Amino acid sequence: MALQNLVSASLTLEQKNSITAKLNELKTDLSFVISFLPEEKKEYLKVGNVMLPLIEKAHDVAASHPEILPAIFDKEEFENDYKLTKDLFPIAGLLDELTSS
């Protein structure tokens, strides 16, 4: 079976510089993102397609019944984290699509 050349492309210096600048801008915009070593990642829950419905349900219940939450629970921080997760989820999908292409 013969191999096909599926991609025939090149980047100009201007394109490389533009892409690099945009990626650096993205890193700046996401300055709160933390890098973990692989063994450190295992310690934390990863929010993905499986966990997102559970988080949405927890958010809905917390909003509907705030009295069930213990006083030590930081409702404002939970709301901030929930919103950030919802905002980042479609961005992460685009990045996954880009990196897997």
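Does Ser-101 count as buried or exposed, and what is its relative accessibility? In this predicted model, Ser-101 counts as exposed, because its relative accessibility is 78% and a residue is called exposed when that value is over 50%.

**View 1. Ser-101 lies in the segment after helix H4.**

**View 2. Ser-35 sits in the loop between helix H1, residues 13-29, and helix H2, residues 38-41.** With a relative accessible area of 72%, Ser-35 is exposed, since the cut-off for that word is over 50%. Leu-52 lies 17 residues from Ser-35 along the chain, and the C-alpha atoms of these two residues are separated by 21 Å.

**View 3. Helix H3 has buried residues along one face.** The 13 residues of H3 should span 18 Å at 1.5 Å a residue, and the 18 Å between its end C-alpha atoms agrees with that expectation. The residues Leu-52, Ile-55, His-59 and Ala-62 of H3 are buried. Seen down the axis of H3, the buried residues fall within an arc of 90°, and so they line one face of the helix. On the other side of H3, the residues Leu-54, Lys-57 and Ser-64 are exposed, while helix H4 is included in what covers the buried residues of H3.

**View 4. His-59 has its place in helix H3.** His-59 counts as buried because its relative accessibility is 12%, and the word buried is used for values under 20%. If its neighbours within four places in sequence are left aside, His-59 is in contact with Phe-78, Glu-79 and Tyr-82.

**View 5. The largest pocket of the model has a volume of about 1400 Å³.** Two elements give two or more residues to the lining of this pocket, namely helix H3, residues 52-64, and helix H4, residues 75-100. The largest share of the lining, 12 residues, comes from H4.

**View 6. The lining of the largest pocket is made up of 26 residues.** Those that lie nearest the centre of the pocket are Val-33, Leu-45, Lys-46, Val-47 and Leu-88. When the lining residues are sorted by class, 18 are nonpolar, four are polar and four are charged.

Note on methods:
Residues are numbered from 1 along each chain as its sequence is written. This is a predicted model: local features need pLDDT of at least 70, side-chain atom pairs count only at pLDDT 80 or more; totals for chains, interfaces and linings use all residues. Side-chain values use heavy atoms; hydrogens and water are left out. On a 1 Å grid over the protein atoms alone, a cavity is a set of points where a 1.4 Å probe fits but cannot get out, and a pocket is an open set with protein on both sides within 12 Å along at least five of seven lines; lining residues have an atom within 4 Å of a point. Grid points are joined across faces, edges and corners, and a volume is the space filled by probe spheres set on the points. Helices (H or I, at least four residues) and strands (E, at least two) are DSSP runs, numbered from the N terminus. Ala, Val, Leu, Ile, Met, Phe, Trp, Tyr, Cys and Pro count as nonpolar, Asp, Glu, Lys and Arg as charged, and the others, Gly among them, as polar. The expected span of a helix is 1.5 Å times one less than its number of residues. Buried means under 20% relative accessible area, exposed over 50%, partly exposed in between (1.4 Å probe, protein chains only). The arc is that of the directions from the helix axis to the C-beta atoms. Contact means heavy atoms within 4.5 Å.
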